[in-house]
Every structure is written in structure tokens, then in C-alpha cells.
Amino acid sequence: MQPQPGKGGGGRNNTALLIVVAAVVAIALIIGGGVWYARSSGDDGKKHDTASSSGGTGGKNGADTSAGTSGGGGKEKAPADTASKVLFQVPMPRTDDTIGTSGSWLTDTVYAKSGIAEIVGHDPAKGTELWTLKLPGPVCAASSHVTSAGLTAITFQPKMPTKNKTAGCSKVAAIDLSAGKKLWTKSIKTGDVPITFQNVTVAQQTVAVGSSDGGAAFDIGSGKVLWQPKPDDTCYDAGYGGGTRLVAVRKCGSYDNRQLHIQTIDPKTGKVISEYKMPDGVEYASVVSTDPLVIAADVGDSAGDGSGVSDYFSLDGRTGRLLARIPAPGDTYGGHCDGITRIEGCRQIVAGHGRLYLATEVHDGSGQYNKTNEVVSFDLNTGKPARGRAEAGDGYTLSPLRMDGGNLLAYMAPPWNKGGQVVSIDGDSLRTTKLLENPGTRSVHQGESGLLPEYAEILFGKGRLYMSAVFAHKTNPAYGKEYLLMAFGTDG
């Protein structure tokens, strides 16, 4: 399916995208003897430094574009002793309501985590509190991307919610994770009413937020408005995917006749670089990764399992051309995307190294009452399944986390009498190497089991595992002690 230029504003330059195929082919034949060299830097040809908070460079989940290389080359190495210990932990905050605590980031100098109307920076190894940034209300959404200068972005409520009523996620802020401070706070209005932004991302030096009222973007350093919705827009940017590229999910038409456009755009100007028109019957779409560009969608509401995904679309980010459409039946594959409000809200799905990595649905193992699953992969250029699979083993279930060079990092949820593990999976052969194994003691296992990847945030870097909750809630002593975050590490 060829790119289809959309109509309307969204506050961005919506000049029709002209792709002159003959000229591109002619240039390709001249440069490199007919081989078109696709750089893994940004679409403007310059190298960009946005990274995922887990330490990998590239798009969401640390996806890279090393499609032609072999597996390996990762930074995470197995220590001599993979047994971990609890480095530090923070109990679940006391509250009578359910309050959002989305947001966790890992840099070389800090592990930062959202609490109730605050963000706290910890020493990554010791857990010592380095700084606390107080907010007037809870964090609603947080970008997983961090610039090389340690900057990221959030949306938050301007005050604490009252019972059964939120204050609206109308504030956008850039956060300096090194210093523990807000660089600026902005809001965008439609008329006299502030827009509520359901999602936020960082791409290069741009903060982008989306909503049903349209999208807006800001310079991450100064807060300068780069674009915002216009009253006469006939289409709107529901949200964005970030990292080394900026990708918009743009919606046109009425609710019962929606048309979605996936646009790679210039982060500084909003100018359209490439565009792909999603098939009819797609109401929502999620950005799995921007580089490589992979979109998840529930086509015709056919998933049927609540995952929000029936198919994955692998796209050429520079031309908008569809490379492959990969069906993902809900009774076969795991993973979950929330394309309704969280455009980048995909869990347990990773794209990189020229492949899409998916966990299979949990199924019976060989032992009695044991459950297990596997990780499989698909070629992003052809959509065909790649050979091999990584097996979790009886009682364990695998969840892809992010790319590490040509390797896939994954978390293994444990059986009742073991601790969880982090493994490195060779991107080609899918051979598994254990990097870390948590204690299997009852108290540790109980806390870990409340922070599993289906509903928590998990980061791994430099041999350390960080697991944190995305909601604070009233605890029940009958369920044991619950934690806002737990951090594990080895002595290696």
C-alpha cells in the first residue's frame, strides 16, 4: 500500500508528500553501485542521541536497525555468579485511592521513579535518594526516552484529584534527570479549556504530546512551542512515537468512518517525511518502534483477547512503504498494546535487529500444573517467521524487554518456588544466556510477583534489574508487603 498524504492541519505543516520513485532509483544506482545505504541516524541524515531509559539507543524498547548484522554485540554480559540480591526497595505509598505513578528512567548516574505527585532520583546501585522533585499532582504519562543530556518529559495533573474525579492531565514538563528539576511547564488550550494529553514522547530534542484534540510539540531545552492544534483542523495527531525518529498516529474522519495515517515527521518542524495509510477498519494503532518502524493494530476489532493487536505492520520510515504485514492471532502470541490513549503503550513486544520478537501465549508445560511459553521472531522485511525459538522452561514465562545490540533482553517470570531471571537471547539463533537470577525466598518472591511485566515497568541495565508499579493503591496486608519499586543486582 503506497503512502497517502492526509488532509487537515494538526498544527503541523501538512504539505502533500511527493515521492518521485524514478529519481530515487536513479540516485540509488549512482550511489554505491546500486545499493541504497540506509543510515541508522535520524531522517535528516544527522546522528541523534535519544536513547531509551533502559540504556539502549534507538526507538521504543531500544530497538535498533542492525538488520544485516549477526546477533551479539550487546553491552550486558553474564557475571561469574548470576545470583542477585535486593539492592533496595521502596514500599507502596499509603493512599486510599488509586493514583498513577507512571514513569521510571535509568541513566548512568540515576534511577528515577514517579511516586504520588513526585519523582525521586536514586543512586542506581545503593538506592540512596539523590533528589526529590515535588509536583502539584500525579504523573499521568511519561516518556521512556531520554536524551544524552539526561532530559525526558512527562504529563501531569495540575493538582491532586478528589475522590472519583481527576484534575485532568493538562500539564507538560521537561525533566532534567541529572539535576532532578523541571526545566519548564507548559499547557495548550482549545478556547479557554486546557487540553488533556494522554501520551507524551521525546524524539531527538523534541517533546511531543497527543490527544483527541490534536497534538503539540515543544523544544525540550527551552519549552518553545513548535506546533499545536488549530481550530479548523479536520485531522488530528492522536499521539506520537519517539526515539531517533518522531512518528505520528494521525486520525481523520468520523468515529464510524475513521482513517489512520502513520507519518514519519521532522521533529523540529512537523513536516511530513513519509506516510502510510492504515487499512480500513483500524480505529486505533500503536507504535511498537520508530526505528525500525513497526505499528501494531487491531484490524476490524478481530483480536478478541483484549491485547489490542491482531496484526503488526513493518514500514519503511523513509518512504512509508509497507514492507510486511504480520498476523498475530491472540490465541497464539502474547503482548499487549493500548492504542486508545497510550500510543507507545506496548508491552512484551520488541522490534530490532531486522526482526519482530514476540512471546507466545502461555501454555501447559511438561510438568503437572506448570505453565510456560517461548519467544519467536519474524523478519521485518518479509514478515516470514525466522527459524528457532527461545524456550522459557517449565514454570517460567518469557517477556521481551528491549534490544541490546544484536541481542534481545527478556525477563523470565518465575514459578512459585524460584526467583525471576533476566536473560540475553541471541538475535539470530535465539540461544539464551542467563544474566541474573533473583532470590527465591518467600518474601522476595511475593514482592516480585506484584511487579510482573504485564502491568509494571521493568528496566535492566549494567547488570541491574528495576521493577516498579504504575499505580499506587490501598494495600491489603493479607496479600503481603507491596512495593512501589524493587531493584536487584549481582556482585559480578
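Predicted model: local features only at pLDDT ≥ 70, side-chain atom pairs only at ≥ 80, totals over all residues.
Q: How many disulfides does the structure hold, and what pattern do they follow?
A: The structure holds three disulfides. With bonded cysteines counted along the chain, the pattern is 1-2, 3-4, 5-6.

Q: What makes Cys140 and Cys169 a disulfide?
A: Their sulfur atoms lie 2.1 Å apart. The cut-off is within 2.5 Å, so the pair counts as a disulfide.

Q: Why is the disulfide of Cys140 and Cys169 called left-handed?
A: The torsion about its S-S bond is about -90°, so the link is left-handed.

Q: Which parts of the chain does the pair of Cys140 and Cys169 tie together?
A: Cys140 lies in strand E8 (residues 139-142). Cys169 lies in the loop between strand E10 (151-156) and strand E11 (171-176). The pair therefore ties together parts that are 29 residues apart in sequence.

Q: Why is Cys140 called buried?
A: Buried means under 20% relative accessible area. Cys140 has 8% relative accessibility, so Cys140 counts as buried.

Q: What makes Cys169 buried?
A: The relative accessible area of Cys169 is 16%. The cut-off is under 20%, so Cys169 is buried.

Q: How do you know that Cys235 and Cys252 form a disulfide?
A: Their sulfur atoms are 2.0 Å apart. A disulfide needs the sulfur atoms within 2.5 Å, so this pair qualifies. The torsion about the S-S bond is 115°, and the link is right-handed.

Q: Where do Cys235 and Cys252 lie?
A: Cys235 is in strand E19 (residues 235-241). Cys252 is in strand E20 (residues 246-252). The pair links distant parts of the chain, 17 residues apart.

Q: Why are Cys235 and Cys252 called buried?
A: Cys235 has a relative accessible area of 4%. For Cys252 the value is 10%. Buried means under 20%, so both Cys235 and Cys252 are buried.

Q: What makes Cys337 and Cys346 a disulfide?
A: The S to S distance is 2.1 Å. The cut-off is within 2.5 Å, so the pair of Cys337 and Cys346 counts as a disulfide.

Q: What is the handedness of the disulfide of Cys337 and Cys346?
A: The torsion about the S-S bond is about 110°, so the disulfide is right-handed. Both Cys337 and Cys346 are buried.

Q: Why is the pair of Trp184 and Phe218 called tilted?
A: By the ring-centre rule, the count comes to six aromatic pairs. The rings of Trp184 and Phe218 have their centres 5.4 Å apart and their planes at 45°. Planes under 30 degrees apart count as stacked and over 60 as edge-to-face.

Q: Which strands hold Trp184 and Phe218?
A: Trp184 is in strand E12 (residues 181-186), and Phe218 is in strand E17 (residues 216-219). The pair links distant parts of the chain, 34 residues apart. Trp184 and Phe218 are both buried.

Q: How do you know that Tyr276 and Phe313 pair?
A: Their ring centres are 6.4 Å apart. The cut-off is within 6.5 Å, so the rings pair. Their planes stand at 45°, so the pair is tilted.

Q: Where are Tyr276 and Phe313?
A: Tyr276 lies in strand E22 (residues 272-277) and Phe313 in strand E25 (residues 311-315). The pair links distant parts of the chain, 37 residues apart. Tyr276 is buried, and so is Phe313.

Q: Which residues form one aromatic cluster?
A: Phe88, Tyr111 and Tyr466 form one.

Q: Why does Thr360 count as buried?
A: Thr360 has 10% relative accessibility. The limit is under 20%, so Thr360 is buried. Thr360 sits in the loop between strand E30 (355-359) and strand E31 (363-364). Not counting residues up to four places away in sequence, Thr360 touches Thr332, Tyr333, Gly334, Asn373, Glu374 and Val376.

Q: What makes Val350 buried?
A: Val350 has 0% relative accessibility. That falls under 20%, so Val350 counts as buried. Val350 belongs to strand E29 (residues 349-352).

Q: Which residues of the largest nonpolar core touch the most other members?
A: Of its 21 residues, these are Tyr411, Val422, Leu451, Phe460, Leu465 and Met467. Elements that give two or more residues to this core include strand E36 (407-413) and strand E42 (483-490). Apart from it lies another core of 18 residues, among them Met278, Val287, Ala297 and Phe313.

Conventions: Residues numbered from 1 in each chain as written. Heavy atoms only, no water. Helix = DSSP H or I, 4+ residues; strand = E, 2+ residues; numbered from the N terminus. Buried < 20%, exposed > 50% of the residue type's maximum accessible area, 1.4 Å probe, protein only. Contact = heavy atoms within 4.5 Å. Core = buried A, V, L, I, M, F, W, Y, C linked by side-chain atoms within 4.5 Å.
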